[in-house]
Amino acid sequence: QVELVESGGGLVQAGDSLRLSCIASGPFVTRYTMGWFRQAPGTEREFVAAISWDGVNTFYADSVKGRFTISRDNAKNTVYLQMNSLKPEDTDVFYCAAGGGWAPRLANNYEYWGQGTQVTVSS
């Protein structure tokens, strides 16, 4: 069974930065595609970024391209989301996810999900 635990959220001002972390445990976690999704109340879960098992391929939503960077350290079973130039519209719960498929922008590509970490950006 794969378990994912996110951390690093908080309350910041517009223009500030945060780095989210997701620690994974369980079998074969280093071979999963890892993704970050976001969800605000009353909205669908939305793709943010994803990274292949070896870190070679990355994918970003248009809304975060150039501001956010996804990375992973398989030795630590951890995936990161560096978020720069944060905007109030980035206020969401951010979730990390792990999956064995290759449709990284789609939530149904992912089998395992963390509980989320709150990011709040004030204007």
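Mentor: Strand 5 and strand 6 (residues 58–60) run antiparallel and are joined by three bridges; strands here are DSSP runs of E of at least two residues, numbered from the N terminus, and two strands pair if DSSP finds at least two bridges between them. Alanine 49 has tyrosine 60 in strand 6 as its bridge partner. The two strands form a hairpin with six residues between them, and glycine 55 in that turn has a positive phi of about 80°.

This is a predicted model, in which local features need pLDDT of at least 70, side-chain atom pairs count only at pLDDT 80 or more, and totals for chains, interfaces and linings use all residues. Residues are numbered from 1 along each chain as its sequence is written, and side-chain values use heavy atoms, with hydrogens and water left out.

Strand 5 also pairs with strand 4 (residues 33–39), in the antiparallel sense, over five bridges. Here alanine 50 of strand 5 is the bridge partner of glycine 35. Strand 4 and strand 5 form a hairpin too, with six residues between them and a positive phi of about 80° at glycine 42 in the turn.

Five of the six residues of strand 5 (residues 46–51) are buried, so the strand is largely enclosed by the rest of the structure. Buried means under 20% relative accessible area (1.4 Å probe, protein chains only).

The largest nonpolar core has 34 residues, of which Trp36, Leu81, Met83 and Phe94 touch the most other members. Such a core is a set of buried Ala, Val, Leu, Ile, Met, Phe, Trp, Tyr and Cys residues joined through side-chain atoms within 4.5 Å. Strand 5 gives the largest share of this core, five residues.

Note on methods: Buried means under 20% relative accessible area, exposed over 50%, partly exposed in between (1.4 Å probe, protein chains only). Helices (H or I, at least four residues) and strands (E, at least two) are DSSP runs, numbered from the N terminus.
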